[in-house]
Amino acid sequence: MDFEEPAHIARIRAEAEAFAAQHVTPTVVEEELRTGDGVNRPLMEAMGARGWVALTWPREEGGAGLDPFEAAVVLGVIRAAGGPTVGAGTTMLAANAVRALASDDLKARILPGVAAGTTLICLGFTEPEGGSDVFACKTRAVRDGDEWVINGQKMFTTYAHRADYCFLLTRSVPGSTGPTGLTMFLVPLDTPGIEIQPVHTMGYERTNIVFYNEVRVPDNLVVGVPDHGLSVIRAALQAEQSVAPSSRTRQLYESARAWAASATDPAGRPVAADPTVRARLARLSIDAEVADLLGIRVAFLEQLGGKPGPHAALFGPETYVAWSKEVLDMVGPQGAADWSDPECVAGGVFEYHYRSAVASTIYGGSSEVLRSLIAEQSLGLSRSRPKA
Amino acid sequence: MNLRLTEEQQALRETFAALFAKQCPPDVVRAAEPLGHDAALWARMADVGLLHIGVPEDLGGAGAGLFELVLVAEEAGRRLVPVPLAETVAATRLLVACGAHDLLRRALEGTRLVSLAPAPGPLATQVLADGAVADAVLGLVDGRLVAVSRPADVRAISNMGSLPLARWSDTADAEVLAEGPGVAQAFSRALCEVRVLRAVALVGLAAEAIELGAAYARERSAFGIPIGSYQAVAHPLADALVAKDGAQLLTWKASWALDSDHGDAPVLARQSFIFAAEVASHAAQHSLHIHGGYGFTQECDIQLYYRRAQAWAAVVADPGRELLALADGILLQEAMEPEGVARGL
């Protein structure tokens, strides 16, 4: 049992910090804040050149041969510097499924570009009426000769307007329900019949609703076996519970600590002398530590081939949301000023956290669903949701 | 970073888990109330060498660290074992650190039950965690480590946590064991160890409280279905389980930091204590509530956990005041991160 950061992790962290200093420029950061695209193509290509898009793939496939924890450290450093990493992470969800289950032909066509950072793939899973139930899929795919015709719509297709392909979930067996009768496609986003409409979030992110109207896709863009898409989704979602080297709660805490160490109240007294600030900061430090430790435990159990429950995925985001409010309370009215205003506190970081935190308890699996999974899997309580 | 236990650590944990499960079912816990001390069980602990675990081999111990003791203390907490563990273990290790070999030998033999004061300063003003049963209590008075011997008239304080609490108003029989610059540091390290050991006992308590609640929720039906299938019952229990796992990891990290003389050890020790106190309290509270009115009766085991969840923490320190002490520690930590919105992305 050892909590020391191993030398190879410290080394890769230093490499990632040097990379971020060079490539995550103030322009990149500000562009992401303005657009909320979640991806920056020159940054992706610079990452790809080092094997840092497909970080865990072997070098001969364009990766860097890193272990999952090293990979998470690299992405964590780039993200902490303000560089968008949603594009890289999401592309890899789809790419890992393609690598595991697609035809050799499709692999050869897609994967080298993915590893190089030039091919971007977004996810078309969620539908307007689906939400947490990803299998409530109504988008239809109908075979027509050696083509398929797709009709439907998808919500929350982040960076669809920047991506090359959409990893699309469709229902191909008419009348099927739940996780059966599904087919996964890689749909080129320049195909006629696709319409992308922006959806702006309160958390400085742009996502999209994507309409598919008589979209014709060749049969060789099916990923895996038609009508048996469940295993393909599983292969992709396995990576969703990915290793986090440092929680958002930790990032919020470090910023709050830096603020508390230097800020003064309107009367000129150091806020660090205020017992209410001290008590809250101390309590936040505990949640930050616990969120990180639960994340390390996921990495450790995965290394052993185990299947850790979504404990870290519940605790991290829940504490992140709760503290994003408490910290703003401490900072006071000026904390509400956003990053673009010269009055903003600490570069607007606390305003940013408050806006974006709440989504973190939704998009990686909503907290309600995660609590039910833990109750069923770890406590043996009966299932509360209807069976599909 | 590696969370794997060695084979020896695994075996140690399993041995004590089995021992406590066998020797300390709930009727033994009840029989030891209200004093909260089972002399026969304590003698048995001396036989199996509980206090020897964390003492160096050349002094007759097993040469293990605080982490091994943490593994044992969690199992003791799970079964509410009515023997004084945290303060006696920390006191024994403090005797090692200060070279008080004579008293150490007698503590290891089981002929003197040596405990520790909750804070520096005169003992007469403090409520002593093991005061009703200890033969001697170590304190830090005027920068000197003293062993105060039990006075003639000690009255056990009847209390809801079934802890052997007492005040010692007469502290005249005191022997100076050590003095000098390292003594205060050794004493505060011992207090860190008490926090971690009490914290992990609370983790064990929380784990069993959650299991009792889950077991009841699996079996008990209301309105025709098991109550565990109601999310209002299940979800707080899931939160408690996650927090309990986090608290366990925090005690592991704190004991690792103390064992390896890491600079963050005092911060981690306080963090683990504060968090475990909160986690145990929430877990016991929700679990009792799952039991409904039955949970409120003496007959139900969960009330044993509910009362101790509060008292085991209170005997160490008020978690709220501990937060302020923790703030002193974290504001002194190194390297502030650069500011800016970039930190948040």
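Helix α4 of chain A buries A:Phe69, A:Glu70, A:Ala71, A:Ala72, A:Val73, A:Val74, A:Leu75, A:Gly76, A:Val77, A:Ile78, A:Arg79 and A:Ala80. Here a residue is buried if 20 or more other C-beta atoms lie within 10 Å of its own, exposed if 12 or fewer, and partly exposed in between, with C-beta atoms placed from the backbone. This is a predicted model, in which local features need pLDDT of at least 70 and side-chain atom pairs count only at pLDDT 80 or more, while totals for chains, interfaces and linings use all residues. Residues are numbered from 1 along each chain as its sequence is written, and chains are lettered from A and ligands numbered from 1 in the order in which they are written.

That makes α4(A) a mostly covered helix, with 12 of its 13 residues buried. It runs over residues 68-80 and reaches 18 Å from its first C-alpha to its last, close to the 18 Å expected at 1.5 Å a residue (the expected span is 1.5 Å times one less than the number of residues). Helices (H or I, at least four residues) and strands (E, at least two) are DSSP runs, numbered from the N terminus. The cover over the buried residues of α4(A) includes α1 (7-23), α5 (86-101), α8 (248-262) and α9 (275-303) of chain A. After the helix comes A:Gly82, with a positive phi near 105°.

Turning to chain B, the count is 11 helices and six strands. Its radius of gyration is 21 Å, close to the 20 Å that the globule rule gives for 345 residues, so chain B is as compact as a globular protein of that length. The radius is taken over C-alpha atoms, and the rule is 2.2 Å times the number of residues to the power 0.38. The C-alpha trace of chain B spans about 65 × 60 × 40 Å along its principal axes, and buried residues make up 53% of the chain. Two residues are in contact if their C-beta atoms, placed from the backbone, lie within 7 Å. Of the chain B contacts between residues at least 6 apart in sequence, 70% join residues at least 24 apart.

A nonpolar core is a set of buried Ala, Val, Leu, Ile, Met, Phe, Trp, Tyr and Cys residues joined through C-beta atoms within 7 Å. The largest one holds 243 residues, and B:Leu197, B:Leu202 and B:Ala206 touch the most other members. Its largest share, 21 residues, comes from α7(B). Leaving out residues up to four places away in sequence, B:Leu197 touches B:Leu69, B:Val70, B:Ala73, B:Leu85, B:Ala86, B:Val89 and B:Ala90.

The contact between the chains takes 45 residues from chain B and 54 from chain A. On the chain B side, α7 (181-219), α8 (231-259), α9 (265-290) and α11 (319-332) each supply at least two residues. The largest share of that side, 15 residues, comes from α8(B).

A cis peptide bond, with omega about 0°, joins B:Glu33 and B:Pro34; B:Pro34 sits in the loop between α2 (26-31) and α3 (39-48). B:Asp142 has a positive phi near 50° without being a glycine, and its place is the loop between β2 (136-141) and β3 (144-149). B:Phe223, also not a glycine, has a positive phi near 55° and is found between β5 (221-222) and β6 (225-226). B:Phe223 counts as exposed because it has 6 C-beta neighbours inside 10 Å.
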